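Take a moment to look over the whole chain before reading on. The paragraphs below start with the overall layout and then turn to particular residues.

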Amino acid sequence: MRLASARDAKKLTQDDIAKRFSINKGTVSAWETGRGDPGVYRLRELAKLYDVSADALLWEDSLTPDAMKVAAQFDELNDK
C-alpha cells in the first residue's frame with residue numbers, strides 16, 4: 001500500500017514503473033498488493049524515484065522526508 005501511495009504522489013502509473021524497470025505491470029501490481037517483493041536493490045531504486053526513504057516504503061511509523069529534514073535541523077540546534 002505504501003508503494004502505491006508513493007507512486008501516486010509522484011503522479012506515476014504502474015505502467016510508468018513497469019517501463020522504467022523493464023518489467024510487466026503485473027509485477028508492479030504484485031509489489032503494491034503484497035503478492036510480490038521488489039527486493040532490496042529495486043526497493044532502493046523505487047525510494048529514489050519516489051523521493052522517499054526506503055524506510056518510508058517499509059514501515060508505517062517511519063518519518064516522512066519533510067519530518068526527517070525538520071529532525072535534522074533540530075539536531076543542529078545548540079543548547080542556547
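How many helices and how many strands does the chain have? There are six helices and zero strands, and the order along the sequence reads α-α-α-α-α-α. Keep in mind that this is a predicted model.

Some totals describe the chain as a whole. Of its 80 residues, 28% are buried. The exposed surface comes to about 6,000 Å², with carbon and sulfur atoms supplying 52% of that area. Among contacts with a separation of 6 or more, 44% join residues 24 or more positions apart.

Now find helix α3, which covers residues 25-33. Its buried residues are V28, S29, A30, W31 and E32. What lies over them includes α1, α2 (14-20) and α4 (39-50). The two ends of α3 are also worth a look. At its start, a side-chain oxygen of N24 comes to within 3.0 Å of the backbone nitrogen of G26. Just after the helix, G34 has a positive phi of about 85°.

One of the elements covering α3 is α1, and R7 belongs to that helix, which spans residues 2-9. Is R7 buried or exposed? R7 counts as buried because its relative accessible area is 9%, and the cut-off for buried is under 20%. Which residues does R7 touch, apart from its neighbours within four places in sequence? The contacts are L12, T13, Q14, I17, E32 and Y50. One of these, E32, is also among the buried residues of α3.

Methods: Residues are numbered from 1 along each chain as its sequence is written. This is a predicted model: local features need pLDDT of at least 70, side-chain atom pairs count only at pLDDT 80 or more; totals for chains, interfaces and linings use all residues. Side-chain values use heavy atoms; hydrogens and water are left out. Helices (H or I, at least four residues) and strands (E, at least two) are DSSP runs, numbered from the N terminus. Buried means under 20% relative accessible area, exposed over 50%, partly exposed in between (1.4 Å probe, protein chains only). Contact means heavy atoms within 4.5 Å. A polar contact is a pair of N or O atoms within 3.5 Å; within protein, one must be able to donate a hydrogen and the other to accept it, and residues adjacent in sequence count only if both atoms are side-chain atoms. Accessible areas come from the Shrake-Rupley method with a 1.4 Å probe; for residues, only the protein chains shown count as cover.
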